[in-house]
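This briefing is written for a student who is meeting the structure for the first time. Please keep the sequence and the model in view while reading.

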Amino acid sequence: MKKKNRNRQLPPINENIRFPEIRVIDSEGEQLGILTPNEAQKIAEEKELDLVLVSDKADPPVCRIMDYGKYKYEQERRAREAKKKQHNAEVKEVKMRYKIDEHDYEVRVNQAKRFLKSGDKVKATINFRGREIQHSDLARELLEKMAIDLKDTAEIQQSPKREGRNMIMLLSPKKE
């Protein structure tokens with residue numbers, strides 16, 4: 001079952017090309033004209049290469065004479081390189097209390113800056129204990145102060161809001 005799905009993703013090659021006429025492009029990129037698949041297949045076999053369907057939307061469909069194994073390898077290598085270069089943004093969390101001391105607050109801001117510069121999102125969380133939840137306005141002010149302190153490196157993705165015994169704000173790195 002799995003093998004059938006994989007075959008559908010591959011372009012038709014050699015004998016699997018089922019069109020009455022095809023436009024053929026040589027391995028050097030020169031057009032050989034409109035031929036039947038059998039004629040094109042013979043030319044490809046003479047050069048010890050494959051006949052690969054490039055575009056079935058064109059009229060007539062376009063086929064290219066190439067080394068299919070090498071072509072497939074190049075495609076996979078390009079995909080691997082692209083995957084290597086992409087950065088998946090994680091959500092890093094900075095936790096604090098609303099009664100935080102000034103130095104501890106600066107440490108949290110510097111942590112958040114470091115996370116944002118590496119391309120990650122920052123979730124700033126203030127948690128309440130006991131009756132502290134009555135002072136959620138002070139926590140909101142603290143989170144807004146943090147957003148102002150980080151305005152050159154971050155933009156607010158989610159403004160401060162209360163979730164149970166926590167107040168949360170989500171920051172994302174600024175687009176350059």
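Glu 102 counts as partly exposed, because its relative accessibility is 44%, and the limits for that class are 20% and 50%. The model discussed here is predicted. The side chain of Glu 102 meets that of Lys 145 in a salt bridge, with 3.6 Å from N to O. This pair links distant parts of the chain, since Lys 145 belongs to helix α5 and Glu 102 to helix α4, 43 residues apart.

**Salt bridges**

- Side chains of opposite charge can pair when their charged atoms come close.
- The structure holds eight salt bridges, one of which is the pair of Lys 145 and Glu 102.
- Lys 145 is partly exposed, at a relative accessible area of 34%.
- A salt bridge also brings together the side chains of Glu 132 and Lys 99, at 3.6 Å from N to O.
- That pair, too, links distant parts of the chain: Glu 132 lies in the loop between β6 (121-127) and α5 (136-149), while Lys 99 lies in the loop between β5 (91-96) and α4 (102-117), 33 residues apart.
- Are Glu 132 and Lys 99 buried or exposed? Glu 132 is buried, with a relative accessible area of 10%, whereas Lys 99 is exposed, with a value of 59%.
- Within helix α3 (residues 68-85), Arg 77 and Glu 74 are three residues apart, so about one helical turn separates them.
- Arg 77 and Glu 74 form a salt bridge in which the closest N and O atoms are 3.6 Å apart.
- Both partners are partly exposed: Arg 77 has a relative accessible area of 36%, and Glu 74 has one of 23%.

- Strands of a sheet pair through backbone hydrogen bonds, either parallel or antiparallel.
- Strand β3 runs antiparallel to strand β4 (residues 62-66), and five bridges join the two.
- Which residue of β4 stands opposite Val 52? The residue is Arg 64.

- Thr 36 is found in the loop between β2 (31-35) and α2 (37-46).
- A relative accessible area of 31% makes Thr 36 partly exposed.
- Leaving aside residues up to four places away in sequence, Thr 36 touches Pro 20 and Ile 22.
- From Thr 36 to Glu 106 there are 70 residues in sequence and 73 Å in space, C-alpha to C-alpha.

**Domains in the UniProt record**

- An unreviewed UniProt entry lists residues 13-82 as "domain: Translation initiation factor 3 N-terminal".
- The span 13-82 is 36% helix and 29% strand, and its end C-alpha atoms lie 26 Å apart.
- The unreviewed entry in UniProt also lists residues 90-174, as "domain: Translation initiation factor 3 C-terminal".
- Over residues 90-174 the chain is 35% helix and 36% strand, with 15 Å between the end C-alpha atoms.

Key
Residues are numbered from 1 along each chain as its sequence is written. This is a predicted model: local features need pLDDT of at least 70, side-chain atom pairs count only at pLDDT 80 or more; totals for chains, interfaces and linings use all residues. Side-chain values use heavy atoms; hydrogens and water are left out. Helices (H or I, at least four residues) and strands (E, at least two) are DSSP runs, numbered from the N terminus. Buried means under 20% relative accessible area, exposed over 50%, partly exposed in between (1.4 Å probe, protein chains only). Contact means heavy atoms within 4.5 Å. UniProt positions are given in the numbering used here, feature names are shortened, and annotations may be inferred rather than shown by experiment. A salt bridge is a side-chain nitrogen of Lys or Arg within 4 Å of a carboxyl oxygen of Asp or Glu. Two strands pair if DSSP finds at least two bridges between them.
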